[in-house]
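Please have the model open while reading.

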Amino acid sequence: MTTAPVASDAGVGRRRFIAPLRGQVDPRCFDHPLFADFHGSEAMMHSVDWPGIDALNALLPVQGKRFVTQDDALLDDGLHYEQRIAQGRIATRAQNWHDLFNALVWARHPVIKRALNAQQCRHIAVMGASQRNRAQAALTQFDETGLIVRVRDAGLLAAWDRHDWSALFDPDGWCEGDIAVCAVIGHALMEQALLPDRLLVGKCLVVVGDDEVACVAAVAAAIEGDALLVDPAELRPLPLAGIPHWHATQDAAFYQLTDYFRPLREGRVYPPPLRLSRS
């Protein structure tokens, strides 16, 4: 039986997702490709006990930043969450999946997280702590549900432009490396993937190039330079369950679920992808 769509953007602007208790999570869910970026941190996810703040800080390869327990005393400083990070303190709730995955992304992709934080703080300085502009919405959506996708086949990019999902998800392109997910940033996506039956949609930034490390670095530099994530419309939706081997059921009927594999909205045009200088 094909599972009906449950979520599209991991809860951004939607009803709050309630994660399962730690003891209720099947450890096999972490074998999903969504978690491939985080090999080496399996114990943080698999073990019976929650990792403590010291264990999280031991993973963090960033000078001047540290995870701190979010409690009333911390929140009494009156700072915005992002401003506190700029000062070096990443507020982290104890025994919380969302914040654990956020910590793992900080450890794996600190250059992206620092760029996102710098831009958020820049906008907060202009807008104030209680107002948000479209750039802040884009930054938040990418932080919560974002992926960086590398593409080297113009035909696949064109298929994505027109929401031709059957062409985009042709196994040959993914197996041969013409398109690949090179970084998972969205910690809310990871949280929702704790329930394997959810059909998630990532919000993607696309880079034309071959070198995955260079693609991630280029995205970070573009964010920091205010050349990316100035509007949510920049983000391309990607139904993750359509990626070959990312979902148990991928027969022809599955790809006909138009509530999940949505047709292109009239008038929707995606911006051109970021290109590595040598591509």
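## Cavity

The model is predicted. It holds one cavity of 30 Å³ or more. The volume of this largest cavity is about 90 Å³.

Which residues line the largest cavity? The lining consists of Tyr81, Glu82, Ile85, Asn102, Trp106, Lys113, Leu116, Asn117, Gln120, Leu139 and Asp143. H6 gives the most, with four residues. Sorted by class, the lining has five nonpolar, three polar and three charged residues.

## H5 against H6

Two packed helices are described by the angle between their axes and the distance between the axes. For H5 and H6, the axes come within 5 Å. Their crossing angle is roughly 110°. Angles of 65 to 115 degrees count as roughly perpendicular, and H5 and H6 are therefore roughly perpendicular to each other.

On the H5 side, the contact uses Asn102, Val105, Trp106, Ala107 and Arg108. These meet Pro110, Lys113 and Arg114 in H6. The contact has four nonpolar, one polar and three charged residues.

## H6 against H12

How do the axes of H6 and H12 cross, and within what distance do they come? H12 spans residues 212-224. The axes of H6 and H12 come within 8 Å and cross at roughly 10°. Angles under 35 degrees count as roughly parallel, which makes H6 roughly parallel to H12.

From H6, the contact takes Val111, Ile112, Ala115, Leu116 and Gln119. From H12, it takes Val216, Val219, Ala220, Ile223 and Glu224. By class, this contact has eight nonpolar, one polar and one charged residues.

## Confidence

How high is the mean pLDDT of the protein? The mean is 93. Of the residues, 94% reach 70 or more.

Residues 1-8 have a pLDDT below 50. Beyond near neighbours in sequence, this stretch has 24 contacts in the model.

Notes: Residues are numbered from 1 along each chain as its sequence is written. This is a predicted model: local features need pLDDT of at least 70, side-chain atom pairs count only at pLDDT 80 or more; totals for chains, interfaces and linings use all residues. Side-chain values use heavy atoms; hydrogens and water are left out. On a 1 Å grid over the protein atoms alone, a cavity is a set of points where a 1.4 Å probe fits but cannot get out, and a pocket is an open set with protein on both sides within 12 Å along at least five of seven lines; lining residues have an atom within 4 Å of a point. Grid points are joined across faces, edges and corners, and a volume is the space filled by probe spheres set on the points. Helices (H or I, at least four residues) and strands (E, at least two) are DSSP runs, numbered from the N terminus. Ala, Val, Leu, Ile, Met, Phe, Trp, Tyr, Cys and Pro count as nonpolar, Asp, Glu, Lys and Arg as charged, and the others, Gly among them, as polar. Axes are lines fitted to C-alpha atoms, for helices over the stretch in contact, and angles run from 0 to 180 degrees between N-to-C directions. Angles under 35 degrees count as roughly parallel, over 145 as roughly antiparallel, 65 to 115 as roughly perpendicular and the rest as oblique. Contact means heavy atoms within 4.5 Å. pLDDT is the predictor's confidence in each residue, from 0 to 100.
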